[in-house]
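Visitor: Please take me through this structure one part at a time.

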Amino acid sequence: MRTRGKGSDVPAPARPWDEIVPGLWMGGHEFRRQGGLLESVVVRDEFDLVQTLLRLPGHGPDPGVEHQVWPIPDGPLDGTQLAGVIRLAQAAGEALAEGRRVLVRCYHGYNRSGLVVAQVLMHQGRGAEDAMRLIRTRRSPWALHNELFAEYLRAGLVTARLLEELAE
């Protein structure tokens, strides 16, 4: 399994965030500008709802923007963490249904945010493989490179949560 801490070969994204489907964006806390310079991503008021899976000080959003924070590792998740991912995906889906702009973000905007965004897409009727393919096409081929997260999606997050809780 590749994770951020172990994957120094994982490149920073070329953009702060990307729109996966209308109104649903996926992003990170840094990106690499043309020319190679890394730049921090600071969210202001571009979105109506920001969901953060790795919180770093000074990265926004502005006061008044709804901000949901659920820090999780880019690795094995326990039942409680998976339940939080499911809740974030439900909230993101509800916000989209209301016509709100949603950003789901983590460090690079690849794995943790991909898990939530894929769950939203699956709730909208896409299969796991189709959701992952769309995310990789719209965000980056590096999106969901954490094979464990891909397996969670293939099994279904509710099933993965139940299995994790049984193992605890």
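**Helices, then some single residues**

Visitor: Which residues of α3 are buried?

Guide: A128, A131, M132, L134 and I135 are the buried residues of α3. Seen down the axis, they fall within an arc of 160°, so they line one face of the helix. Buried means under 20% relative accessible area, exposed means over 50%, and partly exposed is in between, with a 1.4 Å probe and protein chains only. The arc is taken from the directions that run from the helix axis to the C-beta atoms.

Visitor: Where do these labels and values come from?

Guide: This is a predicted model, in which local features need pLDDT of at least 70, side-chain atom pairs count only at pLDDT 80 or more, and totals for chains, interfaces and linings use all residues. Residues are numbered from 1 along each chain as its sequence is written, and side-chain values use heavy atoms, with hydrogens and water left out. Helices (H or I, at least four residues) and strands (E, at least two) are DSSP runs, numbered from the N terminus.

Visitor: What do the buried residues of α3 pack against?

Guide: They pack against β1 (17–21), β2 (24–27), α2 and α4. Contact here means heavy atoms within 4.5 Å.

Visitor: On to α4, then. Which of its residues are buried?

Guide: In α4, residues 147–155, the buried ones are F149, A150, Y152 and L153. Their arc around the axis is only 155°, which puts them on the same side of α4. An α-helix has 3.6 residues a turn, so residues three or four places apart point the same way.

Visitor: What covers that side of α4?

Guide: The cover of its buried residues includes α1 (79–97), α2 (112–123), α3 (128–138) and α5 (157–167).

Visitor: At what angle do the axes of α3 and α4 cross?

Guide: They cross at roughly 140° and come within 8 Å. That makes α3 oblique to α4. Angles under 35 degrees count as roughly parallel, over 145 as roughly antiparallel, 65 to 115 as roughly perpendicular, and the rest as oblique. The axes are lines fitted to C-alpha atoms, for helices over the stretch in contact, and angles run from 0 to 180 degrees between N-to-C directions.

Visitor: Which residues meet there?

Guide: From α3, A128, E129 and M132 meet A150, L153 and R154 of α4. Sorted by type, the residues of this contact are four nonpolar, no polar and two charged. Ala, Val, Leu, Ile, Met, Phe, Trp, Tyr, Cys and Pro count as nonpolar, Asp, Glu, Lys and Arg as charged, and the others, Gly among them, as polar.

Visitor: New topic. Is Q51 buried or exposed?

Guide: Q51 counts as buried, at 0% relative accessibility. Q51 belongs to strand β5, residues 49–52. A polar atom of its side chain lies 2.8 Å from the backbone oxygen of L88. Beyond its neighbours within four places in sequence, Q51 is in contact with residues including Q68, A91 and V116.

Visitor: Which way does phi go at L144, positive or negative?

Guide: Phi of L144 is positive, near 55°, in a residue other than glycine. Most residues other than glycine have a negative phi, and most peptide bonds are trans. L144 sits in the loop between α3 and α4 and counts as buried at 1% relative accessibility.

Visitor: And the peptide bond from G60 to P61, cis or trans?

Guide: That bond from G60 to P61 is cis, with omega near 10°. P61 is in the loop between β5 and β6 (66–69).

Notes. A polar contact is a pair of N or O atoms within 3.5 Å; within protein, one must be able to donate a hydrogen and the other to accept it, and residues adjacent in sequence count only if both atoms are side-chain atoms.
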